[in-house]
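Please read the points below with the sequence and the model open. They are meant for someone who has not looked at this structure before.

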Amino acid sequence: MAVALQVLRHLARAPSGPLLWGGPLARLASSMALAEQARQLFESTVGAVLPGPMLQRALSLDPDSGELKVRDRSFQLRQNLYLVGFGKAVLGMAAAAEELLGQHLVQGVISVPKGIRAAMEHAGKQEMLLKPHSRIQVFEGAEDNLPDRDALRAALAIRQLAEGLTADDLLLVLISGGGSALLPAPIPPVTLEEKQMLTKLLAARGATIQELNTIRKALSQLKGGGLAQAAYPAQVVSLILSDVVGDPVEVIASGPTVASIHSVQDCLHILSRYGLRAALPRSVKTVLARADSDPHGPHTCGHVLNVILGSNALALAEAQKQAEALGYRAVVLSTAIQGDVKSVAQFYGLLARVAGARLALPGAGASVEEDERLCELAADLQLPDLQLKEALEAVVGAWGPVCLLAGGEPTVQLQGSGRGGRNQELALRVGVELGQWPLRTVDVLFLSGGTDGQDGPTEAAGAWVRPELTSQAAAEGLDVATFLAHNDSHTFFSHFQGGAQLLHTGLTGTNVMDAHFLFLHPQ
């Protein structure tokens with residue numbers, strides 16, 4: 001790839017001038033250069049939130065005194081340190097923590113996705129693996145991100161360790177995305193199957209994620225502050241890699257080290273709203289009644305320090321810095337992209353048109369109707385931190401290439417049984433939108449990738465697209481609309497240009513939602 005890119009750049013150059021963007025060969029070189037830069041930028045984004053560097057930024061240990069500093073707090077270590085963890089990135093976090101803490105660590109238990117150790121070993125990522133004779137016990141479970149018996153065994157082992165601690169001990173808790181499925185421990189007599197069935201019924205009737213989490217916490221031994229309560233009176237330090245928009249610690253992995261603010265009455269209101277209160281299993285009624293009569297009232301977590309180690313915002317800040325180093329005027333649009341992937345794609349497509357028009361003809365801009373429609377789409381998405389006005393002002397003053405960055409987690413309404421993920425579907429839909437807004441004097445490229453390196457049940461992290469996607473696909477006999485109707489974006493990109501526009505990184509060992517890059521390069 002690198003050699004081919006150098007050759008194309010050489011062929012596309014005039015004898016004494018810059019890269020020419022007019023001819024077919026120069027356009028191919030431009031496309032490859034943009035794609036290579038997009039890949040580099042995505043790699044730097046992921047690199048900013050890898051477990052090792054994040055832990056080293058947050059923790060420091062004085063080897064002489066045994067004093068552990070966590071941000072601005074200090075803890076004295078004297079063979080009193082224990083560790084638990086759960087989540088997709090926790091294997092690498094645990095390896096980095098054990099490397100740093102050494103002999104001070106007495107014992108640990110972590111719950112990680114099934115097959116992750118073999119995948120990391122196959123990828124040659126030794127820094128993500130625990131050393132032989134590690135003091136940390138590893139459980140693998142939650143296949144396909146669903147709570148199962150293996151994850152339940154891990155959760156019970158974590159609870160047992162926490163309950164054995166004393167006031168002289170310190171518990172280090174490592175949390176990342178996927179942690180909720182890896183820490184399932186329903187309060188008896190509720191069974192794992194009953195809890196899963198109730199959650200599915202609520203979801204099928206339209207319950208929000210906040211409502212689902214409220215019910216999950218009420219029926220869980222460890223979520224909603226349950227883990228912190230089990231560890232009391234030990235001190236607890238929770239290091240969190242956020243995969244949730246806005247980084248709310250009470251939502252990430254259902255807040256095992258954060259006291260729940262919801263009551264039994266909140267749960268009953270939710271169950272009544274969706275017509276499930278009368279049909280509850282006896283076990284669920286028993287647990288809710290028991291909690292309602294608890295004389296101790298709600299638990300507090302005053303012995304806990306919760307620290308956000310890494311987030312989408314931190315990753316995008318690094319991407320912005322790297323994009324500027326590559327010569328782009330870079331602006332972070334939002335770290336809270338949510339909503340249906342169709343609406344998000346329409347927003348990005350029109351944003352490319354409006355921003356591209358300003359870049360091509362400074363002072364002219366797109367039509368008033370297009371500007372108004374873009375604002376309407378932005379308002380519909382209800383993004384709390386959207387910097388649209390600032391981004392468009394930056395484009396006007398750029399006089400050169402621009403990179404607009406964003407992150408979050410859009411949702412896909414499944415209609416078919418194809419293979420794909422939200423990043424590949426978003427990229428494919430943006431490709432269609434870009435084709436409807438031709439910009440003859442500006443090169444455009446859009447990339448969407450999952451920072452964990454796995455987009456849905458595929459081996460790709462995401463994909464990148466250009467405005468020519470629809471016409472080029474048609475020339476290859478690929479009907480984009482058909483693939484989208486079946487949510488089959490991965491199959492499309494696997495066939496399109498031999499899979500050249502798929503983003504492959506392998507499992508990264510981290511997870512801070514998705515990254516979206518929109519490149520605008522004047523010709």
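1. At 39% relative accessibility, K69 counts as partly exposed (buried means under 20% relative accessible area, exposed over 50%, partly exposed in between, with a 1.4 Å probe and protein chains only). K69 sits in strand β2, residues 67-70; helices (H or I, at least four residues) and strands (E, at least two) are DSSP runs, numbered from the N terminus. Not counting residues up to four places away in sequence, K69 touches A58, L59, S60 and S74, where contact means heavy atoms within 4.5 Å. One of these, L59, is 10 residues from K69 in sequence, and the two C-alpha atoms are 5.7 Å apart.

2. A word on the source. The model is predicted: local features need pLDDT of at least 70, side-chain atom pairs count only at pLDDT 80 or more, and totals for chains, interfaces and linings use all residues. Residues are numbered from 1 along each chain as its sequence is written, and side-chain values use heavy atoms, with hydrogens and water left out.

3. Overall build. The protein chain has 19 helices and 15 strands. Its radius of gyration is 25 Å, close to the 24 Å that the globule rule gives for 523 residues, so the chain is as compact as a globular protein of that length. The radius is taken over C-alpha atoms, and the rule is 2.2 Å times the number of residues to the power 0.38. Along its principal axes the C-alpha trace spans about 75 × 60 × 40 Å.

4. Surface and contacts. Of the 523 residues in the protein chain, 53% are buried. The accessible surface of the chain is about 22,600 Å², and carbon and sulfur atoms account for 53% of that surface; accessible areas come from the Shrake-Rupley method with a 1.4 Å probe, and for residues only the protein chains shown count as cover. Among contacts between residues at least 6 apart in sequence, 81% join residues at least 24 apart.

5. Domains. The chain is divided into domain 1 (2-14 + 37-48 + 313-522), domain 2 (51-185 + 222-259 + 296-310) and domain 3 (186-219 + 261-294). These bounds come from an automatic or database domain assignment. Between the C-alpha centres of domain 1 and domain 3 the distance is 39 Å.

6. Cores. Which residues touch the most other members of the largest nonpolar core? They are F347, Y348, L351, F492 and F493, in a core of 52 residues. A nonpolar core here is a set of buried Ala, Val, Leu, Ile, Met, Phe, Trp, Tyr and Cys residues joined through side-chain atoms within 4.5 Å. Helix α13 (residues 341-360) gives the most to this core, with 11 residues. Leaving aside neighbours within four places in sequence, Y348 is in contact with L333, I337, A406, L426, V430, F446, H516 and L518. A second, separate core has 41 residues, including L68, L77, I136 and V237.

7. Cysteines. The structure holds 0 disulfides, a disulfide being a pair of cysteine sulfur atoms within 2.5 Å. For C267, the nearest cysteine sulfur belongs to C301 and is 17 Å away. C267 counts as buried at 3% relative accessibility, whereas C375 counts as partly exposed at 48%.

8. G92. This residue is in helix α4, residues 90-101, and G92 is buried, with a relative accessible area of 4%. Beyond neighbours within four places in sequence, G92 is in contact with P51 and M128. G92 and A203 are 111 residues apart in sequence and 32 Å apart in space, C-alpha to C-alpha.

9. Backbone points to check. Most residues other than glycine have a negative phi, and most peptide bonds are trans. A cis peptide bond joins P188 and P189, with omega about 10°; P189 lies in the loop between β7 (170-175) and α7 (192-204). Another cis bond joins Y232 and P233, with omega about 15°, and P233 lies in the loop between α9 (226-231) and β8 (235-241).

10. Positive phi. H133 has a phi near 65° and is in the loop between α5 (116-122) and β6 (136-141). S254 has a positive phi of about 60° and lies in the loop between β8 and α10 (264-273). Is each of these residues buried or exposed? H133 counts as exposed, at 82% relative accessibility, and S254 counts as buried, at 2%.
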